[in-house]
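This report describes a predicted model.

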Amino acid sequence: LIKFTKDGYLRQEATSTCSHENTAITFESHTWKHPMRCDECNEFIKEYDYYSYEKRKSRDKRGDKFKYLCCLSCYARLFPSRHFKVPFARIIRMTLPLSLRLSYWKNIVTGEVLYEAPDKRVCLLYTSPSPRD
């Protein structure tokens, strides 16, 4: 939705756009409260659905678990050949609970966290005629 002034010029609010070339370098987006990486591609899982496999490492009282996570794209790529790092028959599809969902951007250099996509103001000439003319 583009907003115009009464004179037919672009309003200042319409000039805010997300500059992806700048944010891709210093910011990475997360959709999980505690981001987890896919064990196949080593990228952060962005989707709320994922595949998981858990196994106890030993039978001692501590109950340490081996946990395997796989994103949807890696699962789709590996499904025909069934060459997963864990037994295929025991991989189950999981959905992230609502309480663990949180969309935010994190600066990989400074650690700054933003809850809205970082944007960059783009200067436009306000004296240019509107498209309605």
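## Strand pairing

Ser29 lies opposite Trp105, a residue of strand β6. The strands β2 and β6 (residues 101-107) run antiparallel and are joined by five bridges.

These two strands belong to an open sheet of three strands, ordered β2-β6-β7, with antiparallel pairing. Because β2 (27-32) and β7 (113-114) stand at the edges and each has a single partner strand, one side of each is left without a neighbour in the sheet. In general, the strands of a sheet pair through backbone hydrogen bonds, in either a parallel or an antiparallel manner.

## Cysteines

Zero disulfides are found in a search of the whole structure. A disulfide requires two cysteine sulfur atoms within 2.5 Å. For Cys38, the closest cysteine sulfur is that of Cys41, at 3.7 Å, which is too far for a bond. For Cys70, the closest cysteine sulfur is that of Cys38, at 4.5 Å, again too far for a bond.

Cys38 is buried, with a relative accessible area of 1%. Cys70 is also buried, and its relative accessible area is 0%.

## Confidence of the model

The chain has a mean pLDDT of 77, and 64% of its residues reach 70 or more. Where pLDDT is low, predicted coordinates should not be read in detail.

Terms used:
Residues numbered from 1 in each chain as written. Predicted model: local features only at pLDDT ≥ 70, side-chain atom pairs only at ≥ 80, totals over all residues. Heavy atoms only, no water. Buried < 20%, exposed > 50% of the residue type's maximum accessible area, 1.4 Å probe, protein only. Pairing = 2+ DSSP bridges. Helix = DSSP H or I, 4+ residues; strand = E, 2+ residues; numbered from the N terminus. pLDDT = per-residue confidence, 0-100.
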